[in-house]
Amino acid sequence: MNFNHTRMATLLRSVPTSTTLVFIAAVIAMNFLARISLLSLPWISLNAGITVSWLSFLLIDILAKHYGVKAANLMSVLAITVNVTVCLVCSAVGHLWNHPALNMVVGGQWSILLASTLAYVISAATNNYTNIFIGKKMTADPDGKKAFAARSFVSTLLSQVVDNFLFVFLAFVVFPLIPGAFPVRWTLLQCLGGSVTCAFLELFSEMVFTPFGYRIVRKWKREGVGKEYLERYCPNGVLEG
């Protein structure tokens, strides 16, 4: 993901502030909720991150559709940067005030942070490029509901499998072997079962809210939202932007 400060500044002026804030909040919430186990069986484990992860991928699909894959990548970089900053602050606070209750919230945060960052970088890129690739194939009605749904559903399912597996494998299989990491451990079977299950649960959530996302994209296009960015960086259409 190449970072261009001028392009980023233009993008931030063009994307509605509420969308940016909700997207960043969803990414941060994913990181912290991933520490909470919802289910742990011999063949599957689930963490609470699935309750909000679908929202981040729905929003990134909306951004990719309206602004293009490069804009979606830049927004992902921004969210990751803010997430890393928040986690570093939490880690510093945890070291300064060694309080048991505080350590429950931020203890071992570095391993969760590193795992979630690596997984999200790869899965976000997977989601964005898959979304745009499918969009280029939907030539009959590229702005229709079916095209938007196909782009969102396929890219979400693929990227969520990548995101879920990489995260749980690193956070709960690899990193617990290192002193100071988050101590919870999963088996490889739990990682596989949890990754696939979470991907379909997150896909179902996105399917429920995709009509809402489609209406947002239509509204933005109708009202000329992001005109500055689109005219400057996507003169030939967002699929190339």
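Me: Which helix gives the largest share of the lining of the largest cavity?
Reply: In this predicted model, H2, H3, H4, H6, H7 and H8 each put at least two residues into that lining. The lining has 19 residues in total. The largest share is 4 residues, and the helix supplying them is H7.

Me: And how much space lies in that largest cavity?
Reply: The structure has 1 cavity of 30 Å³ or more, so the cut-off leaves just that one to look at. Among the residues nearest its centre are Met-30 and Asp-163. The space inside comes to about 220 Å³.

Me: How many charged residues are in the lining of the largest cavity?
Reply: Start from the 19 lining residues. Of these, 9 are nonpolar and 8 are polar. That leaves the charged ones, and they number 2.

Me: Moving to helix packing, what is the angle between H2 and H3?
Reply: The axes of H2 and H3 are 8 Å apart. H2 residues including Phe-23, Met-30 and Leu-33 meet H3 residues including Leu-55, Leu-59 and Leu-63. By class, this contact has 12 nonpolar, 4 polar and no charged residues. The packing angle is about 145°.

Me: Is the crossing of H3 and H8 left-handed or right-handed?
Reply: H3 and H8 pack at about 35°, with their axes 8 Å apart. For comparison, H2 passes H3 in a left-handed crossing. The crossing of H3 and H8 is right-handed.

Me: How many charged residues are in the contact of H3 with H8?
Reply: On the H3 side, Asp-61 and Lys-65 are among the residues in contact, and H8 brings Glu-202, Glu-206 and Lys-221, among others. Asp, Glu, Lys and Arg are the types that count as charged. Alongside 13 nonpolar and 5 polar residues, the charged ones in this contact number 5.

Me: What kind of aromatic pair do Phe-165 and Phe-169 form?
Reply: The structure holds 9 aromatic pairs, and this is one of them. The ring centres are 5.6 Å apart, with 15° between the planes. Planes under 30 degrees apart fall into one class, so this pair counts as stacked.

Me: Why are Phe-165 and Phe-169 separated by about one helical turn?
Reply: Both residues belong to helix H7, the helix with the largest share of the cavity lining. Phe-165 and Phe-169 are about one helical turn apart because their spacing along H7 is 4 residues.

Notes
Residues numbered from 1 in each chain as written. Predicted model: local features only at pLDDT ≥ 70, side-chain atom pairs only at ≥ 80, totals over all residues. Heavy atoms only, no water. 1 Å grid on protein atoms, 1.4 Å probe; cavity = no way out; pocket = protein on both sides within 12 Å on 5 of 7 lines; lining within 4 Å. Points joined across faces, edges and corners; volume = space filled by probe spheres on them. Axes fitted to C-alpha atoms, helices over the stretch in contact; angles between N-to-C directions. Left-handed = near helix turned anticlockwise from the far one by under 90°. Contact = heavy atoms within 4.5 Å. Phe/Tyr/Trp six-rings, centres within 6.5 Å; stacked < 30°, edge-to-face > 60°.
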